[in-house]
Amino acid sequence: MRLLADSSKCSGCGACLVICPLTHFKDNNPTRAALTVEGRFPAPGGYQVSVCTQCGECANVCPSSAINLDEATGVYWVDPELCTLCIACVDVCPESVMFVVPDVPFAIKCDACGECVKYCGPGVLSISPPLPGEGPGERLTTPPPHVYPLPTKPTTFPLGGYAGTILRLNLTTKAVTKEPLPLKLAEEYLGGRGFAARILYDEVPAGADPLGPQNKVIFASGPLAGLFVPGAGKATFAAKSPLTGSYGDSNVGGHLAEELKYAGYDVVVIEGQSPTPVYLLIDDDKVEIRAAGDLWGQGAIATEKALKDRLGEAFQIATIGPAGEKLVKFASISHDFGRQAGRTGVGAVLGAKKLKAIAVRGSKSIPIGDVDRLMAVGKAMFQACFDSPARQVWQRYGTAGVTTWSNEVGAFPTRNFQSGQLEGHESLSGEVMREAMVLFDKGCGLCPVPCGKYSHTRGLYVEGPEYETTAMLGGMCALTDIHDVAQANYLCDELGLDTISAGAVIAFATECFEKGIIGLDDTGGLALQFGQAAPVFALIEKIARRQGIGDVLAEGVKIAAERWGRGSADFAMQVKGMEISGYECHLAPAMLLSYMTTDIGAHHNRAWAITYDLQVGREKVTEDKAAKVIQLQHIRPLFDSLGACRLHWVELGLGLEHYAPALSAIWGREVTWEEMLKCSERTWNLTRLWWVREFPDFGRAYDYPPARFYRDQVSGGPTDGAIVSWEDVQKLLDMYYQQRGWDQNGMPTAEKLRELGL
Ligand code: SF4
């Protein structure tokens, strides 16, 4: 028996690297896994998985004959009594998967137990030769894995799942300090977005310039991140947003969240402003601010590659592109060659601080309150994902699978929300994309069903296009060639732009041009026309570099409309300054209410309520729709606080009842789902207080949708002629405020704040 790996199927999720040490050491440190996964980007190679081949080289060199072949299974094993820890076996191992760890007085090697095979979603791993009745890749239950529990180390933080430390970095003074994580912060805000909202509210003064030294950037992980829970690899970047002027955050997958905790930190607080370009290096206890003059001006993908080459593949990198350097208000933070913390302009805040990148590597264990319980809960959660009927389709197409459905129901934003269906949308479908360009699937940390698609087109490597990008750069700009959308996606990723806002501002400019509101003088001679790819590519470049018309569009549609005037504000599709994302909702009141009330400005991920509209009757404006929006606004952002992906629940039906037991096991203390939701509601109300504090005139009008929804009927498609009445807009807000316990101007009441301990 031996472990086999088909690297071509690997999505890089690293679940094998977590389950291996959990099984053998009751510890979650991937540096103790008896296999390795290495990414090789940007290139067609993808991931390289190295496993023990039972070649016997270790036995050949062992001077104390501690490594012997078990004839019954064909597996070499280490006799702990004979091992002298000379590490000759470690040095000779051709796959570099034999190792020693502190506190265990003998060398460790793969015993082909098969646990990693069971939890490898893409089917990379298998045991060979097959046992009678079993084919490669089938789940094994024997032999039982060897378990060498490590001595329990005292932890300073009372709850499991946290490193227990906040890292603070001042770019003005270059001071680096470490502080204990307050227990109350963890209990009341959980992590991720909750930590960010609270710390920023307390530390960034009201009225601070988002691009000035008083603003701070929070990079935060959550208690689930890096532990054995599906999709537990989500990090939050947050700051006072330069796009909206209030609290802004954005979530990113990949591997930053777990790596930060492996390095020993839950949160990084970035303060001040550096006079020259720098990057932050976090390598366990070593934290350094290093010069980045040679990286300034480089693309985000190029910078990630350069830092990996310089520092080593094991470093996880977050970086900005030229758009962040130029303070484009919707600049993104890029990670893992295509994952983005895209929304609210957090990349511009890093650019203002002259922080080009963050590189983090860790080798520490994350404390777990009850390892056995977590393994039981985690295994049930992984199995539920594997058993989901939606798994095959989700894994094959990812979010791009939504494109056809969205068009069929008239929700695909087309020509700046003039329509909900794009003629020719068939050529943008997930099926077409998969066939035309996808090389392999790519996943975030611990994801059993990777939705990321790594693609190659026109000589470019790009992760995607996923649904939102196809909606905003495809539908909104009326591009019907998936290769054009992928090229625009690549440009945004490399230049460091949020594809959602980028698509929205380009569509806005194009409609203004077609309506004669702006002309060739405004565009610098560029003729804008829906359906034309060349102007889209040109505008992306101009926006990222703030050239000509790009300098205006780099401010977002709200400010651009204020600059242009001439009635253009009617076509600026935004709420609270942030561009609406990829769902047309003239005939979806719950989805519209979600956009109106989202705490960072219009964004779908807080309450993706459109399916509820379809389920209960999309024309209805009823109390239950407000209740559904509020319920989703507590559940969905909760995942951002926990540090896990919500899509296993949304798309695969993974039951929410798993999450309280998972957090209880991790914390080592019982917590209920209701208590977790209360933390989320607390965070939601705190972010509302941000708006109240920042804008003296804040109130109901800030929640109004763009005029297009109540003035212009939908043109064409299944929702042709649909329009929202102004009375319904008011009714939606009345119901929403009342159910939230806010007054009718949208202010949280003293009673509600008291109830939440705010
Ligand atoms: Fe990442 Fe979630 Fe997609 Fe998995 S489903 S790859 S965790 S975004």
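**A guided reading of the model**

Ala502 is buried, with a relative accessible area of 0%, where buried means under 20% relative accessible area, exposed means over 50%, and partly exposed lies in between (1.4 Å probe, protein chains only). This is a predicted model, in which local features need pLDDT of at least 70 and side-chain atom pairs count only at pLDDT 80 or more, while totals for chains, interfaces and linings use all residues. Residues are numbered from 1 along each chain as its sequence is written, and side-chain values use heavy atoms, with hydrogens and water left out.

Ala502 belongs to helix α17; helices (H or I, at least four residues) and strands (E, at least two) are DSSP runs, numbered from the N terminus. Leaving aside residues up to four places away in sequence, Ala502 touches Phe330 and Cys492, contact being defined as heavy atoms within 4.5 Å. Between the C-alpha atoms of Ala502 and Val557 the distance is 9.7 Å, although 55 residues separate them in sequence.

In soluble globular proteins, nonpolar side chains tend to be buried together.

Phe508 has contacts, again not counting residues up to four places away in sequence, that include Asn416, Leu553, Val557 and Trp564. Asn416 sits in the loop between α13 (402-408) and α14, and it counts as buried at 1% relative accessibility. Its phi is positive, about 60 degrees, although Asn416 is not a glycine. Most residues other than glycine have a negative phi, and most peptide bonds are trans.

In helix α14 itself (residues 430-437), the buried positions are Gly430, Met433, Arg434 and Met437. Seen down the axis of α14, these buried residues fall within an arc of 110 degrees, so they line one face of the helix; the arc is that of the directions from the helix axis to the C-beta atoms. The cover over them includes α12 (391-397), β19 (438-442), β20 (452-457) and α16 (482-495). Of the 5 residues of β19, 4 are buried, so this strand is largely enclosed by the rest of the structure. β19 pairs with β20 in the antiparallel sense over 4 bridges, two strands being paired if DSSP finds at least two bridges between them. Within this pairing, Val438 stands opposite Ser455 in β20.

The ligand is surrounded by residues that include Gly443, Cys444, Cys447, Val449, Pro450 and Cys451, together with Trp394, Cys645 and His648; a residue is near a molecule if one of its heavy atoms lies within 4 Å of it. By class, this shell has 7 nonpolar, 3 polar and 2 charged residues. The nonpolar class holds Ala, Val, Leu, Ile, Met, Phe, Trp, Tyr, Cys and Pro, the charged class holds Asp, Glu, Lys and Arg, and the others, Gly among them, count as polar.

Helix α1 (residues 15-25) is mostly covered, with 11 of its 11 residues buried. Its buried residues pack against β2 (35-40), α4 (115-118), β6 (125-128), α7 (256-262) and α11 (371-387). Lys26 follows α1 and has a positive phi, near 55 degrees.

Thr344, in the loop between β17 (339-341) and α10 (346-352), has a positive phi near 75 degrees and counts as buried at 1% relative accessibility. Strands β13 and β14 form a hairpin with 2 residues between them, and Asp284 in the turn has a positive phi of about 55 degrees. A cis peptide bond, with omega about -5 degrees, joins Gly464 and Pro465, and Pro465 is found in the loop between β21 (460-463) and α15 (467-475).

Asp743, in the loop between α29 (726-740) and α30 (750-755), is partly exposed, with a relative accessible area of 32%.
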